[in-house]
Amino acid sequence: MVRLADIPEPERTVIADLDCPAYEDTPPVKPPSPAERHVAIVSTAGFILRGERPMLSNETGYRAIEADVEDGDILCSHVSTNFDRTGFQQDVNVMLPRERLLELEREGSIGKAADTHYAFMGATSPPKLEDKARELGRSMLALGVNTVVLAPV
Amino acid sequence: MSGLAHYFEDEGLATVIVALVREHIVSMRPPRALWVPFELGRPFGPPGNAGLQRRVLSEALALLDQACPEPLLRDFSDESIEIMDDADWRFPATLDSSSPRAEATGVLPVWQLARARIGRSSYGISGLAPEAAVEYIERYHSPQPMRIPKGMAKVSRARFAIDDIKAFYLEAAMAEGGHPSTRQLLDWFWGHTLAGALIREFQETARVSEDSNLELIAGSLVPAGRTISFLRG
């Protein structure tokens, strides 16, 4: 469905014009075996916890979603009007499939689902996220996380 | 999202993206990505389909088992998921069309039913109750704007109040379940509610405002194809 050609105007142009800076190819990390995978989800939905300050456009920081946070306390503060929120309103796993990840852990398809998942503000230009992304990367590694599923909106 | 993949891999984490816009992945060349054929906002597919969500996650993680001397981009194995309207879906109450606030008051019990049925709500980033959020937007440009609690800039409060109003109505729309498409829900909200009309008028005012902060949020209020200025051509 979401090839650019399938998106009606004027949204198509808005999405086509999103900032896509050029990157040199990054040599991929040698992935751990499935049984050794400790997997976190990082979303760009601008998730916050109920009561937290919403993320603002161009915000460079990230928020953490601990395992004991109830689905009802996860809110989406992304600025864009271009993506659907009604799916998320009915089922958090549409954007943040942490229940599915736990199922994969229970059936042995991965070693461990991370205790904490994370969210950035997807409207922020990617290069502006670099410092905080690297900081989060090191933090996840320190917690034993070795694999990240990146989930846009 | 692709930028994050580059940074995380460079720090030593293996990554895979569940990608919604294929062209962005082709352009930014993250190490591994699974393109999925779902609408924006639903990277793991439609709500309530745990089996499909698990398949997406499993296929994404399976890319880690493939060699990728060059950036690896694969398509999800099932592109047959079609977006269908639900011909039987209707908003489960008659709306009071006397004013936006009266309409919101009438939506409240429906929304409460929806919260009970869904078991949660995504409402709540503005810090205002639903009717207060509507009133805040309604009176924003009036000589007597609504007084609000401190802690958030006025313009930000407006933006998040509008996000909350949309969540309030669209959650209420699901009070009796059904499977309306996103387009159906948005057609209803933007075309048949006073709240939708209120937000569109607010957006039109914001778009040409001399308040640069208000002008800045104008693009974050109404989908581009549903703004008054676009529809007027």
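How many helices and strands does chain A have? I counted four helices and seven strands in chain A, taking helices (H or I, at least four residues) and strands (E, at least two) as DSSP runs numbered from the N terminus. The model is predicted, with local features needing pLDDT of at least 70 and side-chain atom pairs pLDDT 80 or more, while totals for chains, interfaces and linings use all residues. Residues are numbered from 1 along each chain as its sequence is written, and chains are lettered from A and ligands numbered from 1 in the order in which they are written.

Chain A, order and dimensions. Along the sequence I read α-β-β-β-β-α-α-β-β-α-β. The C-alpha trace spans about 45 × 40 × 30 Å along its principal axes.

Chain A, burial. Of its 153 residues, 50% are buried (20 or more other C-beta atoms within 10 Å of a residue's own, C-beta atoms being placed from the backbone).

Chain B, helix 8. I noted 14 residues, 194–207, and a reach of 20 Å from first C-alpha to last, close to the expected 20 Å at 1.5 Å a residue (1.5 Å times one less than the number of residues). Buried here are Ala195(B), Gly196(B), Leu198(B), Ile199(B), Phe202(B), Gln203(B) and Ala206(B). Down the axis of helix 8 of chain B, these buried residues fall within an arc of 160 degrees, so they line one face; the arc is that of the directions from the helix axis to the C-beta atoms.

Note on methods. A residue is buried if 20 or more other C-beta atoms lie within 10 Å of its own, exposed if 12 or fewer, and partly exposed in between; C-beta atoms are placed from the backbone.
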